[in-house]
Amino acid sequence: MSGALNTLNMIGAGRVGVALGHLWAKAGVFEVQDVLTRSIDRARDAVRAISAGRAVAALDEMRAADVWLVATPDDAIAASCARLARSDKLSAGNIVFHVSGATSSDELGSARDRGAHVASVHPIKAFMDSGTAAQSFAGTYCGMEGDARALHVLKPAFEQIGARLFEIAAEMKRIYHAGGVFACNYLSALVEAAVLCHEKAGVPRAVSLKAIEPMVRETVDAIFGQGPAQALTGPVSRGDVATVRRQLEALAKWTGDLAQPYRQLGMLAVTLAEADRRLDGAQASELRRVLSGTAKSS
């Protein structure tokens with residue numbers, strides 16, 4: 001690659017790709033060139049949001065580029081890359097990367113076979129919409145893996161728009177992404193579980209959300225200020241076996257859908273409390289028996 005500014009083409013234009021494209025164009029990191037997505041109208045919308053580039057309707061219309069971002073949904077990455085690799089648009093030495101957290105750079109193997117350098121850089125951020133995400137992107141942590149030559153170009157490109165990068169093991173990509181699902185997606189599910197329990201007890205949904213909001217915010221602050229183990233409160237942290245047993249019995253009688261995650265998350269909570277030395281061995285063992293269903297009912 002030569003020249004003062006590397007050219008960038010985008011295949012797919014989801015919220016992550018559009019936000020990154022906008023930031024790179026604004027900062028003069030890449031020259032955003034051609035954008036291809038499911039329809040020409042969507043491509044035009046993406047170009048407007050990026051404030052740079054040219055919308056195209058087909059791969060044949062795309063020009064050669066130094067860097068290719070495959071910003072399609074996860075299940076379309078490999079196929080989109082394969083079409084690029086079969087075309088005459090990709091050259092040896094080009095960089096091809098994706099921003100998925102759930103799949104590794106091996107999904108771009110067809111481009112690597114053509115002599116391209118491939119990588120994956122995944123921003124750990126909730127992209128509700130591209131505009132808001134771009135405005136708040138600075139400071140975002142990004143997990144990266146792939147070919148050294150690709151990362152040599154991509155690492156400073158992300159750093160110039162405020163990203164903080166760290167390396168991850170490509171073969172553990174699915175486990176890595178599951179961590180994000182627990183922290184973000186399932187946090188929403190846990191709050192919904194709390195609201196459902198309150199509704200069962202006659203508390204209106206709106207009141208429940210207002211009531212638990214301070215507690216949730218305080219807990220999140222404590223987790224990141226002190227660590228998960230020290231932030232843990234509640235019956236498990238106190239070794240209150242009787243309360244855990246009664247809650248579990250009530251949940252199981254009402255709905256197994258909530259009893260099962262209560263058991264599994266309770267097991268993790270026991271491990272945290274034990275690590276923080278708030279439970280002795282006997283308390284931890286009894287709680288595990290209750291949560292696993294092997295303890296005798298009182």
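Predicted model: local features only at pLDDT ≥ 70, side-chain atom pairs only at ≥ 80, totals over all residues.
The strands form an open sheet of eight members with mixed pairing. Their order across the sheet is β3-β2-β1-β4-β5-β6-β7-β8. The edges are β3 (54-56) and β8 (164-167), each of which pairs on one side only. From one strand to the next the twist averages 25°.

Strand β1, residues 6-11, runs parallel to strand β4, residues 67-70, and the two are joined over four bridges. Within this pair, Leu 8 stands opposite Val 67 of β4. The sense is antiparallel between β6 and strand β7, which covers residues 141-146, and this pairing extends over five bridges. Here Ala 119 stands opposite Gly 146 in β7. Tyr 141 has Arg 164 of β8 as its bridge partner.

Two packed helices are described by the angle between their axes and the distance between the axes. For α12 and helix α13 (residues 281-292), the angle is about 170° and the axes are 9 Å apart. Angles over 145 degrees count as roughly antiparallel, and α12 and α13 are therefore roughly antiparallel to each other. On the α12 side, the contact is made by Tyr 262, Arg 263, Gly 266, Met 267, Val 270, Thr 271 and Glu 274. On the α13 side, Gly 281, Ala 284, Leu 287, Arg 288, Val 290, Leu 291 and Ser 292 take part. By class, this contact between α12 and α13 has seven nonpolar, four polar and three charged residues.

Rolling a probe the size of a water molecule over the atoms shows where empty space is left. The largest pocket holds about 2100 Å³ of space. Its lining has 42 residues, and those closest to the centre of the pocket are Leu 187, Leu 190, Thr 219, Leu 232 and Leu 265. At least two lining residues come from each of α7 (173-200), α8 (205-226), α9 (228-231), α10 (235-238), α11 (241-254) and α12 (256-275). Among these helices, α7 gives the most, with 12 residues. The lining of the largest pocket has 33 nonpolar residues, eight polar residues and one charged residue.

The second largest pocket contains about 1300 Å³ of space. It is lined by 46 residues, and Gly 14, Arg 15, Val 16, Thr 72 and Asp 74 lie nearest its centre. The elements that give two or more residues to this lining are α1 (15-27), α2 (40-50), α3 (77-86), β6 (117-123) and α7. The largest share of the lining, seven residues, again belongs to α7. By class, the lining of the second largest pocket has 24 nonpolar, 15 polar and seven charged residues.

Helix α7 supplies residues to the lining of the largest pocket and to that of the second largest pocket. Helix α12 lines the largest pocket and packs with α13.

Note on methods. Residues numbered from 1 in each chain as written. Heavy atoms only, no water. 1 Å grid on protein atoms, 1.4 Å probe; cavity = no way out; pocket = protein on both sides within 12 Å on 5 of 7 lines; lining within 4 Å. Points joined across faces, edges and corners; volume = space filled by probe spheres on them. Nonpolar A, V, L, I, M, F, W, Y, C, P; charged D, E, K, R; others polar. Pairing = 2+ DSSP bridges. Axes fitted to C-alpha atoms, helices over the stretch in contact; angles between N-to-C directions. Parallel < 35°, antiparallel > 145°, perpendicular 65-115°, else oblique. Contact = heavy atoms within 4.5 Å.
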